[in-house]
Amino acid sequence: MTAAVARAAHAEDAPGAHRTPKPQAPQTLAETGLAVDHIEQLIVKMLFGGEATGQMLAERTCLAYSILEPLIERIRAEHHLEVRGGSGAGSVMYRYALTDLGRDRAKQYLDINQYVGPAPVPLAVYVSGMKALAKSRSDIDRHRLHQGFSHLVVGEPVLERLGPAMNAGKAVFLYGPPGNGKTVLGEGMGRALGGDMYVPYALDVDGQIVTFFDPINHDRVDEEADATSVVAGPQIDRRWVRIRRPVAIVGGELTLEMLDLTFNPLSKLHEAPIQLKANGGVFLVDDFGRQRIRPQDLLNRWIVPLESRVDYLTLNTGRKFQVPFDVLIVFATNLDPASLADEAFLRRIPYKIAVTDPTIEEFTQIFEMNCRSRRLRFDPVIVTYLQRRHYEPAQRPMRACHPRDLLEQVDALCRYRGIEPNITRELLDRACETYFVGDADGRG
């Protein structure tokens, strides 16, 4: 059972994937779920960077101007801001700027925290959103799973094990020799989940700001046009970002500290841990067992979340709070799972799937797929030559990553020689000499 190391560029989501209900924009201050003082502080901090119109403040806070207007008037009444001018359309187009008193107040607010992004989403609202997401999810059938893995060569036995695991929402152990696509299998699981979801730019937890949206781990999807008036604001809550189902991947750099909130003492902001950012999608722990911490310590950290589907995080104030753990955890390792965890923990990972070397037929499919992606002419004789010249004499196992890696070297060699990329026996020999250890004579 194997998976090809090949990817499809910007493929469509798997059919049948349900999308979470769109978060509705708050129409009143109470519907934001935020304290009046917190929104006022955000407005003042934004104006510390320079004057802005009411419309600009509405865009930056992602709140309707009708919500901000009374707060702006209140700040103005306290002589913390003033109107520098405007152009028709009412106060929404007034240019606001801080007074000297307002600048002093802004410095005090920035000393509390330096957050000046979209208004945060209260923790309770986020929890409700995740519950709605879980309810909207549909089961994965064979057709949908095959669509999710259409960019890979995956044996049917592997899919028959992955499908039930994804429907159960339980943790998965992918194990086997290196180079057979365990990592891209985890990515394929996220693609098979399909659909879009929404995550907040930031969370408000008892007045503490936890930044959430992460362009590295979240693939943003452009929202369709939302016809609204400038004052009333959009129908979709713009404090949330529409993204594809996340697939967060960590490797040997993973530490226990990365699984809790990170506090920046300069900005006074918390950052959500990686597994929270992966909620609603897949969290892949690659090269499990090769982290700088003991596997047992890392596994102990997951016992409660895997069992109860909730996680507990701690603010720098010492306040501990609960968040949903609606994420599919995938452990990928080249080591024997039995050597990494005891029976009690392995029981909590009910799906253990071996990812073995490809058969010659699968290897040929993978080779052809990689040739196609590089626009190289494929001939099955190429694979037969490789097998007889560079694999069988050295008793070398075929790995799913070999076609991609060897063709990369062939392409690089062709460009170095200034010739049109093509595949010949001589080029393959040169690629194998540098790729395989001790293969200068082709026999290992």
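**Reading the model step by step**

Reply: In the protein chain, 51% of the 444 residues count as buried. Please keep in mind that this is a predicted model. The chain has 16 helices and 17 strands, and its C-alpha trace spans about 85 × 55 × 40 Å along the principal axes.

Me: What share of the contacts with a separation of 6 or more comes from residues 24 or more positions apart?

Reply: Such residues account for 75% of those contacts in the protein chain.

Me: How does one describe two packed helices?

Reply: Two packed helices are described by the angle between their axes and by the distance between the axes. Here, helix α2 (residues 36-47) packs with helix α5 (residues 100-112) at an angle of about 115°, and their axes are 9 Å apart. That angle makes α2 roughly perpendicular to α5. The crossing of these two helices is left-handed.

Me: Which residues of α2 and α5 meet?

Reply: From α2, Gln 41, Val 44 and Lys 45 take part; they meet Gly 102, Ala 106, Tyr 109, Leu 110 and Ile 112 of α5.

Me: At what angle do the axes of α14 and α16 cross?

Reply: The axes of helix α14 (residues 380-391) and helix α16 (residues 425-435) cross at roughly 45° and come within 11 Å. That makes α14 oblique to α16. Their crossing is right-handed. On the α14 side the contact is made by Val 381, Ile 382, Tyr 385, Leu 386, Arg 389 and His 390, and on the α16 side by Arg 425, Leu 428, Asp 429 and Cys 432.

Me: Which residues of α16 are buried, and what covers them?

Reply: Leu 427, Leu 428, Asp 429, Ala 431 and Cys 432 are buried in α16. Their cover includes α14 and α15 (402-417).

Me: Let us turn to aromatic rings. How many aromatic pairs does the structure hold?

Reply: The structure holds 14 aromatic pairs. In one of them, the rings of Tyr 126 and Trp 240 have centres 6.5 Å apart and planes at 25°; planes under 30 degrees apart count as stacked, so this pair is stacked. Tyr 126 belongs to helix α6 (residues 123-136) and Trp 240 to strand β9 (residues 240-244), so the pair ties together parts that are 114 residues apart in sequence.

Me: Are Tyr 126 and Trp 240 buried or exposed?

Reply: Tyr 126 is buried, and Trp 240 is buried too.

Me: Which residues form one aromatic cluster?

Reply: The cluster is formed by Phe 363, Phe 367, Phe 378, Tyr 391, Tyr 435 and Phe 436. The ring of Phe 436 also has the charged end of Arg 396 over it, 4.0 Å from the ring centre. Elsewhere, Arg 220 lies over the face of Phe 213, at 5.9 Å from the centre of that ring.

Me: Finally, how should I read a single residue? Where does Val 323 lie?

Reply: Val 323 lies in strand β15 (residues 320-324). A residue counts as buried under 20% relative accessible area; Val 323 has 3%, so it is buried.

Me: Which residues does Val 323 touch, not counting those up to four places away in sequence?

Reply: Val 323 touches Leu 123, Leu 276, Val 310, Asp 311 and Leu 313. Asp 311 is 12 residues from Val 323 along the chain, and the C-alpha atoms of the two are separated by 5.4 Å.

Methods:
Residues numbered from 1 in each chain as written. Predicted model: local features only at pLDDT ≥ 70, side-chain atom pairs only at ≥ 80, totals over all residues. Heavy atoms only, no water. Phe/Tyr/Trp six-rings, centres within 6.5 Å; stacked < 30°, edge-to-face > 60°. Helix = DSSP H or I, 4+ residues; strand = E, 2+ residues; numbered from the N terminus. Buried < 20%, exposed > 50% of the residue type's maximum accessible area, 1.4 Å probe, protein only. Lys NZ or Arg CZ within 6 Å of the ring centre and 35° of its normal. Axes fitted to C-alpha atoms, helices over the stretch in contact; angles between N-to-C directions. Parallel < 35°, antiparallel > 145°, perpendicular 65-115°, else oblique. Left-handed = near helix turned anticlockwise from the far one by under 90°. Contact = heavy atoms within 4.5 Å.
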